Structure formats: structure tokens, C-alpha cells
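Welcome, and please open the structure in your viewer. We will go from the whole chain to a single side chain, one selection at a time.

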Amino acid sequence: MKKLLLLFSSLAFFFSSGQEKEAYITKVILVRHAEKADDGTRNPSLSEAGKTRAKRLAEMLKDIKIDEAYSTPYKRTTETITPICLANQITIQSYDAFKPTNIEEAVKNGSGKTIIVAGHSNTVPFLVNTLIKEEKFTEMDESDYGKLWILTFRNHKLVDITLLNY
């Protein structure tokens, strides 16, 4: 009986030790808002070029299921990701670009989710650096609206950074 018990416990150890824990892939897509209208206000909407870029972004990401969306509380950032949110039937959650703890928490708790975040030329690179825990990207030029970062985490560890222009 002892030999049989020892055999079963050895087999159980053998089979469980060779299996890897289930891998959770979390993707975070970060974009700067599209072109803004020059209306003299501190909170302008998107210009016609910006609306076109927002539609292009939604078209580019149409085959990716987006689970959560975050934006600073400005018209230009929310309008940039609104087409994506409508297509995925999700609501935009607001975040403070200079205190992105809720984005960090979303990544930490977002096992298996894809998250999109819209920010600004001076905040998106900062947020990317915060999430990757490395000072790699600098503030964007004010005229640069087409950068998109895709961060891939496997079991909460960064495994890939992709930077695209669209």
C-alpha cells in the first residue's frame, strides 16, 4: 500500500511540475489624441483631420477586441477613442495623466484583457515609461499625432513593446 501511495504521489508531482501555469496575456495600447481644432479654448474637439485619424485608428484596430478604455477628461482624447469604444460596446473611464495609478492597476488586474489609453504628447511617453519601468521614451513633438504603443505583458511581466506610426 505504501508503494502504491508513493507511486501515485510521485506521478502527481511529475505531471504537475512539468505543467506551466496558465499564461495571461495583457495588452495595453497607448495613443496620443488625434489632431485638435484650433478654437482658442483649453478643451477643443478634434479637427476634421483628427476625426479622420480617429476613424483610421478604429479601422486599424477593428479586429482586436478591446476590453477597457481610458482617457484623460478632455474632448480630444475621448473623441479619439470613441469610435473604438462604440465598436467594442465599452465605456471610457477617466484617468489623471499625471497620476496614472488606475492605469497601473488596470494592467496589474487586467490579466488577459486588452486596454486602450488615450493621452497627450507630454503624458503618453511618461505613462509608457511608467508601465515598462524604464525611462525609454521622451515627450512627443507637438505636431506628432500618429504614434501608437502596444505593450504586451505575460503574467504581469513585460514581454514586448511595439511602436507604430499610423
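Here is the tour, starting with a few words on the model.

This is a predicted model, where local features need pLDDT of at least 70, side-chain atom pairs count only at pLDDT 80 or more, and totals for chains, interfaces and linings use all residues. Residues are numbered from 1 along each chain as its sequence is written, and side-chain values use heavy atoms, with hydrogens and water left out.

**Stop 1: the whole chain**

Show the protein chain as a cartoon and you will find 5 helices and 6 strands. These are DSSP runs numbered from the N terminus: helices are H or I with at least four residues, strands are E with at least two. Along the sequence they follow the pattern α-β-α-β-α-β-α-β-α-β-β.

Of the 166 residues, 39% count as buried, meaning under 20% relative accessible area (1.4 Å probe, protein chains only).

**Stop 2: the sheet**

Select the strands next. They make an open sheet of 6 strands in the order S3-S2-S4-S1-S5-S6, with mixed pairing; two strands pair if DSSP finds at least two bridges between them. S3 (92–94) and S6 (157–165) are at the edges with a single partner strand each, so one side of each has no neighbour in the sheet. On average, neighbouring strands are turned by 20° against each other, direction ignored.

Zoom in on S1 (residues 25–32) and S4 (residues 114–119), which run parallel and are joined by 6 bridges. Which residue in S4 is the bridge partner of Lys27? Thr114 is that partner.

Touching here is contact, that is, heavy atoms within 4.5 Å.

**Stop 3: Ser121**

Finally, select Ser121, in the loop between S4 and helix H5 (124–132). Is Ser121 buried or exposed? Ser121 is buried, with a relative accessible area of 6%. Beyond its neighbours within four places in sequence, Ser121 is in contact with Arg32, Glu139, Met140, Asp141 and Glu142. Show the side chains of Ser121 and Glu142 to see a polar contact of 3.5 Å between them. Such a contact is a pair of N or O atoms within 3.5 Å; within protein, one must be able to donate a hydrogen and the other to accept it, and residues adjacent in sequence count only if both atoms are side-chain atoms.

How values were computed. Axes fitted to C-alpha atoms, helices over the stretch in contact; angles between N-to-C directions. Buried < 20%, exposed > 50% of the residue type's maximum accessible area, 1.4 Å probe, protein only.
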